[in-house]
Amino acid sequence: VFPSLAQAQASVANEVYQELGQPSVFLFCPTEYCSSLCSPSPSQSCYLQTIGQELLPGIGVIWTGPKVVSQELSAVLLEEVEAVLRRRPVIWDNLYANDYDCRRVFLGPYMGRAPGLMSRLHGLLLNPNCELQANFIPIHTLGSWFRSELGSSAHPDHAGTEAVAALGDSQDVQDGTYSPQEALELALRDWVAEINQQALEPGR
């Protein structure tokens, strides 16, 4: 019925999106969801070009970065992806995902993401470790990164300023810059306090 896989996927996604009343959040994960899966590159991928052209503009498109698990995300790459998809991508960040190797647990700070990246994103999802408690540092440091992004010069808008004010005077927000090491130290301090608090609970 369809001349290509991309047109088939876009048609089905559009129909479901419209049937659901065009919800404010509706995400589509393309078959080529990172640069390493694109042939020959994101900007020259016929598949992504078709997705960008055919998919209704209210539908968010998921992207993981250069690879399935991306150590770095750059503004240059996201500009390329935004141009071909005709919308800012929703990053599905697999930095901490360990479902492909459960012998490993990732406890480092959120890092490798260029400053000012949020202005290039429609959203960001963090794929965590499979072990619940191991995600305290990843989520805490992601929060520090997010606050620094809101406080940076990349987001001079009034709404961003209000959001930072509402979050309080965190050390990592004061000058609008993000330090992975400082974020890690803050996360460890709060994690130890959380562990100590849990230890005092009855039955622990």
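I count a disulfide as a pair of cysteine sulfur atoms within 2.5 Å. This is a predicted model, so I take local features only at pLDDT of at least 70 and side-chain atom pairs only at pLDDT 80 or more, while totals for chains, interfaces and linings use all residues. I number residues from 1 along each chain as its sequence is written, and side-chain values use heavy atoms, with hydrogens and water left out.

**Cysteines.** I searched the whole structure and found 0 disulfides. Cys 29 is in none; its nearest cysteine sulfur, that of Cys 34, is 9.4 Å away. What keeps Cys 38 from a bond with Cys 34? The two sulfurs are 6.8 Å apart, which is too far.

I then checked accessibility: buried is under 20% relative accessible area, exposed over 50%, partly exposed in between (1.4 Å probe, protein chains only). Cys 38 is buried at 8%. Cys 29 is partly exposed at 44%.

**Helix α2.** I took helices (H or I, at least four residues) and strands (E, at least two) as DSSP runs, numbered from the N terminus. Helix α2 spans residues 46-54, and its buried residues include Tyr 47, Leu 48 and Ile 51. The buried residues of α2 pack against α1, β1, β2 and α3; contact means heavy atoms within 4.5 Å.

**Backbone.** I noted a cis peptide bond from Ser 39 to Pro 40, omega near -5°. Pro 40 sits in the loop between β1 and α2. Gln 22, not a glycine, has a positive phi near 50°. Gln 22 lies in the loop between α1 and β1 and is partly exposed at 47%. Arg 86 also has a positive phi, about 60°. Arg 86 is in the loop between α3 and β3 and is exposed at 58%.
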